[in-house]
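Q: I am new to this structure and would like to learn how to read it, one feature at a time. Please give the general idea before each case.

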Amino acid sequence: MAATWPAAPEAVAAQLLGVLWFVSVTTGSWGAAAIAAAGGEETLKCEDLKLGQYICKDPKINDATQEPVNCTNYTAHVPCFPAPNITCKDFGGNETHFTGNEVGFLKPISCRNVNGYSYKVAVALSLFLGWLGADRFYLGYPALGLLKFCTVGFCGIGSLIDFILISMQAKDPVGRVSPNGN
């Protein structure tokens with residue numbers, strides 16, 4: 001006896017494609033938006049928006065320290081604005097439909113805590129008096145400053161390395177590696 005298909009192969013393929021399309025729509029980003037619009041899922045928090053769905057302002061930079069203003073615990077916050085026609089939950093958990101002019105959330109950015117030391121003064125001391133250890137004395141390292149003084153800046157090599165590190169802001173004022181990996 002010959003085997004028979006319960007339905008034509010074209011019909012089975014069409015049904016399979018329909019099921020695959022439904023699964024991809026309901027599990028992808030479009031599906032999540034459709035389910036949320038239908039009331040099947042809770043609206044996203046504004047902090048969870050994807051890149052391109054919001055824009056953040058550049059941080060205000062303090063001229064003396066070259067760090068973002070209001071930097072505390074190695075973190076500063078910048079205001080972010082969701083794109084027009086985006087609906088998400090704002091600070092207070094309220095569902096808001098944004099026009100592009102309202103702040104939706106504050107994005108944390110990393111910064112180095114400079115403890116009140118001036119970037120310009122540290123660079124100038126490193127450039128002109130680094131061979132005497134003045135930069136290290138200024139930044140709170142009297143032992144390294146004395147060592148640089150006694151060795152004439154480690155024969156100039158240590159002065160050059162310190163000048164490069166301070167100029168590039170690769171280290172914070174007390175010499176620890178900064179939290180963003182530099």
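Q: How many bridges pair S1 with strand S4, and in which sense do they run?
A: Helices (H or I, at least four residues) and strands (E, at least two) are DSSP runs, numbered from the N terminus. Two strands pair if DSSP finds at least two bridges between them. Here S1 and strand S4 (residues 75-82) are paired over three bridges, in the antiparallel sense. One of the partners can be named: cysteine 56 has cysteine 80 in S4 as its bridge partner. This is a predicted model, in which local features need pLDDT of at least 70 and side-chain atom pairs count only at pLDDT 80 or more, while totals for chains, interfaces and linings use all residues. Residues are numbered from 1 along each chain as its sequence is written, and side-chain values use heavy atoms, with hydrogens and water left out.

Q: What is the order of the strands in the open sheet?
A: In a regular strand the side chains alternate between the two faces of the sheet. The open sheet here has three strands in the order S1-S4-S7, and the pairing is antiparallel. From one strand to the next, the twist averages 40°, an angle between N-to-C directions on a scale from 0 to 180 degrees, with axes that are lines fitted to C-alpha atoms.

Q: What do S5 and S6 form, and how many residues lie between them?
A: A hairpin is read from its two strands and the turn that joins them. S5 and S6 form a hairpin with five residues between them, and glycine 93 in the turn has a positive phi of about 85°. The strands run antiparallel, with four bridges joining S5 to strand S6 (residues 95-98).

Q: Is lysine 89 buried or exposed?
A: Buried means under 20% relative accessible area, exposed over 50%, and partly exposed in between, with a 1.4 Å probe and protein chains only. Lysine 89 counts as buried because its relative accessibility is 17%. This residue is in strand S5 (residues 86-89), and its bridge partner in S6 is glutamate 95. Contact means heavy atoms within 4.5 Å. Apart from neighbours within four places in sequence, lysine 89 is in contact with Glu42, Thr43, Leu44, Lys45, Cys46, Asn94 and Glu95.

Q: Which residues are linked in a network of salt bridges?
A: A salt bridge is a side-chain nitrogen of Lys or Arg within 4 Å of a carboxyl oxygen of Asp or Glu. By this rule there are three salt bridges, and they link Asp135, Arg136, Lys148 and Asp162 in a network.
Lysine 148 pairs with aspartate 135, with the closest N and O atoms 3.1 Å apart. That pair links distant parts of the chain, 13 residues apart: lysine 148 is in helix H5 (residues 142-150) and aspartate 135 in helix H4 (residues 134-138). Both lysine 148 and aspartate 135 are buried.
Aspartate 162 forms a salt bridge with arginine 136, at 2.9 Å between the closest N and O atoms. Since aspartate 162 lies in helix H7 (residues 157-167) and arginine 136 in helix H4, the pair ties together parts 26 residues apart in sequence. Aspartate 162 and arginine 136 are also buried.
Lysine 148 forms a salt bridge with aspartate 162 as well, the closest N and O atoms being 2.8 Å apart. This pair joins helix H5 to helix H7, 14 residues apart.

Q: Which residues form the nonpolar patch on the surface?
A: Patches are made of residues with over 30% relative accessible area and no salt bridge; like charges are joined within 9 Å, and nonpolar side chains (Val, Leu, Ile, Met, Phe, Trp, Tyr) within 5 Å. The nonpolar patch here is formed by Leu127, Phe128, Leu129, Trp131 and Val152, with about 510 Å² of accessible area together. Such areas come from the Shrake-Rupley method with a 1.4 Å probe, and for residues only the protein chains shown count as cover. Helix H3 (residues 119-129) gives the most to the patch, with three residues. Leucine 129 lies in helix H3 and is partly exposed, with a relative accessible area of 35%.

Q: How many helices and strands does the chain have?
A: The chain has seven helices and seven strands. Of its 182 residues, 25% count as buried.
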